[in-house]
Amino acid sequence: MRAPLTDALIREAIDNIAFDGTLLRYERYGSGHINDTFAVYFCGNGKTWRYILQRINTDIFTDVDALMENIAGVTSYLRREIEARGGDYTRETLNVVPTRDGKSYYRDTTGGAWRGYLFIEGAKTYDTVKDPKDFYNAARAFGKFQNLLQSYPAATLHETIVQFHDTAKRYRDFEAAVAADIKGRVKDVQPEIEFVRAREKDTHVLVDMLASGELPLKVTHNDTKLNNVMIDDKTGEGIAVIDLDTVMPGLSVYDFGDSIRFGASTAAEDEKDLNKVWMDIKLYEIYLRGFLETAGDGLTANEIQMLPMGSKLMTLECGMRFLTDYLSGDVYFRLHYPEQNLDRCRTQFKLVADMERQWAEMEALGKRA
Ligand code: ADP
Ligand code: GN1
Ligand code: MG
């Protein structure tokens, strides 16, 4: 378990990372569910600037050396690619700020692990699609990222979370949580449990295709939500793909699908009013177009055909994970209120049902593309 976050602990981390300038203040930042993220403000010579400081979730990422080795490898590779194209690597990828003794992260006195990043300025992440153009540009950014990573030496990557998107294993974890029922919540979520059980067979489809060689194993991002891509304030382009903790070998169709799960929804991930939650087929079409423009050449016919299934299974898996966490006493995802995981799981299942309703159209869009 991670120690409670105190000002003293945050200050200790700030003091030990080689940030420039005189510290002004820090604040919680962003809406990620996993790490503790802060913006830290500094000044000097009449200017102010900021960095990102993160306490890594070591309950989830237990091998921080392996995790940071991946990040160092991927970011330095991307830096070379960006420089070769005349781009600005300080904005177009993450840049780790080392600790004062030259390491990639700082281990605090409670065992917590902290890292610093250059702050990517002049760009934002979005929690919902406000302008479809942003979603199109996010698609292009994730597609390009996926394409670039195809020449990355996969064998050097550590698996930071084992079987992260093994949907069949996620199903078994869900059944184990139902059987254990440690919080006595099973009785309250029967419709949700039945929803998942009715789709047990689906959870095998893509992992089976991977096992049989019908789908290739690629280096993928594995957490392609809209708020993991920085959209440039001026150009609207997806300038940088961030949150690289889960870059690992995986399925390209899951990277596509996770973006659809989050960004093609008409409502927030924790919307309570399910009448507001739909999968917007127009947003699906827009994302598909952007993704195929940049990643399309590297995709096989089977991958393109399985994009709808990738979308449905990433959404089902995420719903199962929220439900499993709810049944297990909310130990994984950060909560802002008590029943949030239940609300989150319900939106995901509503989206799955809505994808099933629009299945023929989703498939037809892929064929026309
Ligand atoms: P989590 O794993 O908890 O989702 P992220 O790495 O995605 O953590 O960071 C959370 C949020 O912080 C992001 O959605 C983004 O808004 C912001 N963020 C992270 N890194 C940077 C950066 N280098 N520059 C600017 N904003 C960032
Ligand atoms: C987490 O870290 P963040 O908030 O970008 C989670 C994803 C889920 C997502 C659901 C390492 O993503 O797998 O899809 O929440 N990341 C991890 O919103 O588990
Ligand atoms: Mg994130």
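A polar contact is a pair of N or O atoms within 3.5 Å; within protein, one of the two must be able to donate a hydrogen and the other to accept it. In this predicted model, such a contact of 3.2 Å joins the side chains of aspartate 36 and arginine 28. Aspartate 36 belongs to strand E2, which covers residues 36-44. Its relative accessible area is 6%, and aspartate 36 therefore counts as buried, since buried means under 20%.

## The magnesium ion

Ligand 3 is a magnesium ion, and its protein donors are Asn228, through OD1, and Asp243, through OD, lying 2.2 Å from the ion. These two residues bring together distant parts of the chain, being 15 residues apart. Asparagine 228 is placed in the loop between strand E8 (218-220) and strand E9 (229-232), whereas aspartate 243 is placed in the loop between strand E10 (238-241) and strand E11 (248-250).

Aspartate 243 has a relative accessibility of 25% and counts as partly exposed.

## Ligand 1

Aspartate 243 also takes part in the surroundings of ligand 1: a polar side-chain atom of aspartate 243 lies 3.0 Å from an oxygen atom of ligand 1. Taken alone, ligand 1 exposes 550 Å², and the protein buries 97% of that area. The space that ligand 1 takes is the largest pocket.

Ligand 1 is surrounded by 20 residues, of which the closest are Asn35, Gln54, Ile120, Thr125 and Asn227. Strand E3 (47-56) and strand E6 (113-118) each contribute at least two residues to this shell. Leucine 118 approaches ligand 1 with a backbone N or O atom, which lies 3.0 Å from a nitrogen atom of the ligand. Threonine 125 uses an N or O atom of its side chain, 2.7 Å from an oxygen atom of ligand 1.

## Ligand 2

Which pocket holds ligand 2? Ligand 2 sits in the largest pocket. Around ligand 2 there are 18 residues, and the closest are His33, Lys225, Glu269, Arg321 and Tyr332. The largest share of this shell, 3 residues, is supplied by helix H11, which covers residues 307-327.

## An exposed loop residue

Lysine 201 lies in the loop between helix H6 (190-197) and helix H7 (205-211). Why does lysine 201 count as exposed? Its relative accessibility is 69%, and exposed means over 50%. Lysine 201 and leucine 288 are 87 residues apart in sequence, and their C-alpha atoms are 26 Å apart in space.

Key. Residues are numbered from 1 along each chain as its sequence is written. Chains are lettered from A and ligands numbered from 1 in the order in which they are written. This is a predicted model: local features need pLDDT of at least 70, side-chain atom pairs count only at pLDDT 80 or more; totals for chains, interfaces and linings use all residues. Side-chain values use heavy atoms; hydrogens and water are left out. Donors are N, O and S atoms within 2.8 Å of the metal (3.2 Å for Na, K and Ca); water is not among the atoms, so sites may look incomplete. Helices (H or I, at least four residues) and strands (E, at least two) are DSSP runs, numbered from the N terminus. Buried means under 20% relative accessible area, exposed over 50%, partly exposed in between (1.4 Å probe, protein chains only). A residue is near a molecule or strand if one of its heavy atoms lies within 4 Å of it. On a 1 Å grid over the protein atoms alone, a cavity is a set of points where a 1.4 Å probe fits but cannot get out, and a pocket is an open set with protein on both sides within 12 Å along at least five of seven lines; lining residues have an atom within 4 Å of a point. A molecule sits in a cavity or pocket if more than half of its atoms lie within 2 Å of its grid points. Accessible areas come from the Shrake-Rupley method with a 1.4 Å probe; for residues, only the protein chains shown count as cover.
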